[in-house]
Amino acid sequence: MEVEAEIDRLPVDLLANIFVLFTSFTDLAQASGVCKKWKQGVNESLACRQNLSFAGWKMDDDSTARLVCHAYNLTRLHIPRSRWGCQITDAGLVRISFAKCVSNLTSISLWGLTGITDEGVVQLISRTRSLQHLNVGGTFITDESLFGIARSCPKLETIVLWSCRHVTENGLFALVDKCLELKSMNVWGTRVPVDCINNLLILSPALKIKVN
């Protein structure tokens with residue numbers, strides 16, 4: 001009669017508490033492939049996470065969306081560009097937008113993702129309800145994204161538009177007009193004229209605008 005290994009006797013909740021300490025997504029993927037119980041433990045560990053950052057990892061649409069979809073309690077999602085090349089596209093953002101956690105996200109970073117456009121950003125943002133901090137610096141978004149953010153993010157407090165060279169004063173005015181909780185805006189590297197900055201401050205005197 002085959003004797004069950006000691007490690008196989010560990011309950012799923014204990015495995016989940018172990019896996020939540022893992023910082024390597026590669027290790028999590030390998031653990032998930034050991035057996036059904038370990039896969040369940042990995043999934044439950046993801047459900048416990050409130051912060052998920054892919055900084056420093058080479059991720060694609062499929063792997064990123066699968067991980068986010070299991071992170072039911074997520075409130076902070078960071079998918080910044082990595083030196084190995086992050087392959088996230090609009091298709092990935094669309095898939096992520098249907099994850100259960102999206103409506104509870106308070107912080108999203110898409111910094112430097114050159115493979116995304118207004119289509120993916122607007123779809124993702126339209127599903128949020130609690131967003132307070134957004135970083136889309138270094139992307140190729142246009143005013144279309146800003147209009148979408150203005151419609152969907154009434155609780156927005158900070159936004160980073162660093163080097164977003166395709167946004168204009170029209171999009172910025174929409175943000176300030178609709179996002180009444182907005183406290184900070186980074187527009188360094190954009191092509192927005194100085195008089196626009198002055199007019200934004202007239203509209204919202206307490207707003208902190210970083211231009212350099």
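Visitor: What is the angle at which helix α7 (residues 143-152) and helix α8 (residues 169-178) pack, and how far apart are their axes?

Guide: Happy to start there! The angle is about 5 degrees, and the axes of α7 and α8 lie 8 Å apart. Axes here are lines fitted to C-alpha atoms, for helices over the stretch in contact, with angles from 0 to 180 degrees between N-to-C directions. Please keep in mind that this is a predicted model, where local features need pLDDT of at least 70 and side-chain atom pairs count only at pLDDT 80 or more, while totals for chains, interfaces and linings use all residues. Residues are numbered from 1 along each chain as its sequence is written, and side-chain values use heavy atoms, with hydrogens and water left out.

Visitor: Why is α7 called roughly parallel to α8?

Guide: Angles under 35 degrees count as roughly parallel, over 145 as roughly antiparallel, 65 to 115 as roughly perpendicular and the rest as oblique. With about 5 degrees, α7 is therefore roughly parallel to α8. Contact means heavy atoms within 4.5 Å, and the α7 side of this one includes Leu-146, Phe-147 and Ile-149, while the α8 side includes Leu-172, Ala-174 and Leu-175.

Visitor: What makes a stretch a helix in the protein chain?

Guide: Helices (H or I, at least four residues) and strands (E, at least two) are DSSP runs, numbered from the N terminus. The protein chain has 9 helices and 7 strands.

Visitor: Which residues of helix α1 (residues 12-19) are buried?

Guide: Buried means under 20% relative accessible area, exposed over 50%, partly exposed in between (1.4 Å probe, protein chains only). In α1, Val-12, Leu-15, Ala-16 and Phe-19 are buried. They cover an arc of only 100 degrees around the axis, so they sit on the same side of α1. The arc is that of the directions from the helix axis to the C-beta atoms.

Visitor: Why do the buried residues of α5 line one face of the helix?

Guide: In α5 (residues 90-97), Asp-90, Gly-92, Leu-93, Ile-96 and Ser-97 are buried. Seen down the axis, they fall within an arc of 160 degrees, so they line one face. They pack against α4 (61-70), β2 (76-78) and α6 (118-126).
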